Amino acid sequence: MISSLEWILYLSGALVVLGYWRFRKAVNMVSNFPGMRLLVSPMSPPGLLLPALPFPLWTYPGFSFPWELKHAGLFGIFKCDTVSLCAADGRAILFTADVPFITKMSSYASRETFPKPVDEYKVLSYLGSNLVICEGEAWRRQRRIGAPAFSKGMFERLWLDMRDIVREMVEQERWHERTDLHFDEAVTTYRGYTPKRGEILVPHIVDLTLRMALAAIARAGFGMDFTWEAEESFTRVCQGFGNPQRWHWWLVVLHYSWAFLDPLLAPFFHLFDQVTTITPSFVLAPFFYLWQSPVFLPVRIVWVIAFYFLSEIAIVFARPTDADWNPRKIKVHEALHLVAKDSTLRIALPAWTMSLPLRRMRRMKLAFTILEAELKRLADERKAFHLRQTLNNEQLSNGRLPDNRSDLLNNLVRAAMMDEGDLEKGPTGSLVTSSIQKGLTDEEIIGNTYIYFLAGHETTAHSLAWTLALLAAYPEYQDEAVQEINRVWPSTTAAFEPFYENTSFDDYPKFPFVLACYAETLRLFPPVQMIPKVAAQDVSISLETTNQDTTTVAQGADTNLRPSKEVDPFFTSQDSYTSAPHTNFVVKKDTIIMIDPPGVHYNPRYWENPEKFDPGRFMRPYNKDAYIPFGVGHRACLGRKFSEVESVAMLVHVLRNYSVHLMPTSPDGEIDINLSRERFSKASVRITLTPSEVPLIFRRRVHQA
């Protein structure tokens with residue numbers, strides 16, 4: 001009889017054999033091209049949880065290794081701009097920062113050979129089919145219809161909306177009042193720094209830029225009314241949704257209980273704050289290091305799970321809020337905020353988890369349900385309006401929408417309905433159109449609108465946060481940006497001017513340096529860390545075997561790609577783009593090729609001093625093929641100009657009235673630029689690159705008449 005120990009040994013042996021067989025298969029898929037050989041792939045479910053280990057290229061680099069290693073830590077070590085990754089789970093991946101290869105692979109002519117692996121994106125289809133998850137004819141149809149939705153009228157609206165959003169932020173957050181040198185208000189010390197008079201300390205600037213981007217997409221994207229509310233009230237109210245409904249008598253008991261306990265607990269909280277403030281950071285550093293080490297990973301996982309469930313229990317005894325005393329329905333702009341916050345979680349979790357009796361799940365389900373219903377209502381409203389526009393005057397009914405609607409959703413519906421076929425009347429005068437089905441279905445309209453929201457909200461907010469941080473770190477560039485703004489909008493008085501009224505979208509191209517600052521930020525902090533392609537068939541490719549030749553690759557240079565069986569004339573070009581040695585090898589069908597934006601953006605072959613923040617590089621000729629924050633090739637992001645217009649509008653209105661500064665890094669008020677940049681550059685890789693913490697200080701700017 002086989003003992004338990006023998007069963008364990010047999011199963012372990014079988015797993016080892018299976019893992020080795022999968023590993024050899026992965027190696028053969030990339031023809032044993034040099035690179036990483038790992039037990040676990042960072043793209044596998046276990047790989048998403050494991051932290052990076054010491055000697056990451058030979059142990060485990062972690063899921064966010066493209067950002068952490070960039071070009072020098074990955075391609076510089078292997079001395080080649082293409083590196084393979086083969087793991088025991090059978091995954092075969094090529095990571096590349098080779099621009100000519102990327103350009104050729106992503107060209108329209110190569111779309112059949114290297115399509116997008118759309119199966120990896122199916123989780124994004126829960127509100128309907130969209131551009132991200134489609135390939136082939138379905139993608140071409142949606143792209144053709146979606147492109148005209150980004151019209152000049154929409155950009156004009158976006159430009160003016162951003163002006164109003166900045167003005168409302170200044171008013172609601174009382175920036176004009178709080179930056180007065182004579183304003184006296186109790187201030188809170190943050191990380192040992194107490195703001196001086198006339199200073200506004202924002203502990204994490206993303207809290208502001210996220211709401212700005214949310215307001216922009218709500219107004220210019222969906223045509224919704226978004227009223228700016230101060231952080232203290234808006235965030236607290238949003239977090240209150242999804243809480244369990246407690247009985248009124250229990251709320252009364254809790255109210256009096258907390259009124260009794262607050263004076264008793266206040267001294268302990270005050271003592272804790274004092275101890276944490278005066279304790280030197282080097283005393284706590286060893287404990288934080290041990291806590292973040294791989295040894296404590298199981299303890300951290302148990303702690304997170306236990307803390308989450310304890311918080312679910314604690315909410316029953318939590319202090320009553322306004323939402324408990326006066327429950328109400330969630331508003332649309334509140335649903336937008338919660339959807340933006342929880343989209344990453346919604347994508348990562350299976351659908352059945354939405355029904356779990358957990359507070360965050362209830363809140364997430366409520367927000368997504370409200371947003372989906374509102375998007376359907378708005379789409380139906382606009383569809384009905386455009387249908388009525390084509391009928392005779394006697395068929396028009398009440399509730400007609402204004403003719404000047406220019407938001408993204410309205411443009412998308414109009415483009416979808418006008419794409420193919422003519423609108424026609426039904427036999428009884430009902431509104432019938434064959435173009436809706438030939439253009440976009442209702443689900444596709446909703447799905448694409450949501451994708452535009454998801455892609456354009458978070459990425460722009462994070463990039464704006466880093467732009468402000470970099471301008472604070474390098475004030476000479478901030479001064480140059482302000483000089484450009486003042487040349488376009490000269491001040492007529494030295495008094496404070498909260499926003500520039502006499503502006504239009506025609507002003508947008510007048511701020512090339514401000515746009516260059518945003519572009520340089522996107523180069524240093526690319527929102528997307530990996531752009532996947534998949535080999536649809538066995539393909540023979542030619543790649544450089546070394547990147548030690550620092551000669552800049554010419555823009556638009558070609559590379560050598562050809563199917564291994566039937567050679568297409570398109571792939572037979574023998575042009576060489578550098579003098580570096582090449583190698584030909586076969587990439588097997590289903591091999592994943594990951595375009596590595598950080599590797600490209602930090603590649604010294606294409607960018608001089610790639611670590612340096614230098615907006616001026618975008619005021620000079622540069623290799624456009626080596627700038628890929630919005631994707632590459634025919635599948636590049638449709639919302640690029642939306643993001644650029646939104647960001648420039650926000651930056652010019654904020655910088656015109658306020659200067660932005662880094663928080664001091666030492667108690668004596670000194671600022672170490674390198675240390676500050678190291679801190680605000682810390683980021684996590686979720687759907688997009690997300691900053692960990694970006695504290696900034698704002699002061700009122702004095703205009704020179």
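Trainee: How many helices and strands are there in the chain?
Mentor: The chain has 24 helices and 15 strands. Helices (H or I, at least four residues) and strands (E, at least two) are DSSP runs, numbered from the N terminus. This is a predicted model, in which local features need pLDDT of at least 70 and side-chain atom pairs count only at pLDDT 80 or more, while totals for chains, interfaces and linings use all residues. Residues are numbered from 1 along each chain as its sequence is written, and side-chain values use heavy atoms, with hydrogens and water left out.

Trainee: What share of the 705 residues is buried?
Mentor: Buried residues make up 50% of the 705 residues in the chain. Buried means under 20% relative accessible area, exposed means over 50%, and partly exposed lies in between (1.4 Å probe, protein chains only).

Trainee: And among contacts between residues at least 6 apart in sequence, what percentage join residues at least 24 apart?
Mentor: The figure is 77%. Contact means heavy atoms within 4.5 Å.

Trainee: Let us turn to helix packing. At what angle do H19 and H21 pack?
Mentor: Helix H19 (residues 442–473) and helix H21 (residues 512–524) pack at about 105 degrees, and their axes are 9 Å apart. Axes are lines fitted to C-alpha atoms, for helices over the stretch in contact, and angles run from 0 to 180 degrees between N-to-C directions. H19 and H21 are therefore roughly perpendicular to each other. Angles under 35 degrees count as roughly parallel, over 145 as roughly antiparallel, 65 to 115 as roughly perpendicular and the rest as oblique.

Trainee: Which residues make that contact?
Mentor: H19 contributes Thr460, Ser463, Leu464, Trp466, Thr467, Leu470 and Leu471, and H21 contributes Cys517, Tyr518, Thr521, Leu522 and Leu524. By class, the contact of H19 with H21 has 8 nonpolar, 4 polar and no charged residues. Ala, Val, Leu, Ile, Met, Phe, Trp, Tyr, Cys and Pro count as nonpolar, Asp, Glu, Lys and Arg as charged, and the others, Gly among them, as polar.

Trainee: How do H20 and H23 pack?
Mentor: Helix H20 (residues 475–488) and helix H23 (residues 640–657) pack at an angle of about 100 degrees, with axes 10 Å apart. H20 and H23 are therefore roughly perpendicular. Gln478, Ala481, Val482 and Ile485 of H20 meet Leu651, Val652, Leu655 and Arg656 of H23. These residues of the contact of H20 with H23 divide into 6 nonpolar, 1 polar and 1 charged.

Trainee: Which residues of H6 are buried?
Mentor: In helix H6 (residues 136–146), they are Trp139, Arg141, Gln142, Ile145 and Gly146. They cover an arc of only 160 degrees around the axis, which puts them on the same side of H6. The arc is that of the directions from the helix axis to the C-beta atoms.

Trainee: New topic: how many aromatic pairs are there?
Mentor: Rings of Phe, Tyr and Trp (its six-membered ring) pair if their centres lie within 6.5 Å; planes under 30 degrees apart count as stacked, over 60 as edge-to-face and the rest as tilted. By this rule the count comes to 24 aromatic pairs. The ring centres of Phe505 and Tyr508 are 5.6 Å apart and their planes are at 10 degrees, so the pair is stacked. Both Phe505 and Tyr508 are buried.

Trainee: Which residues do ring pairs link into a cluster?
Mentor: The cluster consists of Phe155, Trp159, Trp489, Phe505, Tyr508 and Phe511.

Trainee: Is Met162 buried or exposed?
Mentor: Met162 counts as buried, at 0% relative accessibility. Met162 lies in helix H7 (residues 152–172). Leaving aside its neighbours within four places in sequence, Met162 is in contact with Met212, Ala216, Glu646, Ala649 and Met650. Met162 and His653 are 491 residues apart in sequence, yet 8.5 Å apart in space, C-alpha to C-alpha.

Trainee: And where does Lys533 lie?
Mentor: Lys533 lies in strand S7 (residues 531–534). Lys533 is buried, with a relative accessible area of 4%. Not counting residues up to four places away in sequence, Lys533 touches several residues, including Met105, Phe114, Ile593 and Arg635.

Trainee: Finally, what is the phi of Lys79?
Mentor: Most residues other than glycine have a negative phi. Lys79 has a positive phi of about 55 degrees although it is not a glycine. Lys79 is found in the loop between helix H4 (71–78) and strand S2 (82–87), and Lys79 is partly exposed, with a relative accessible area of 48%.
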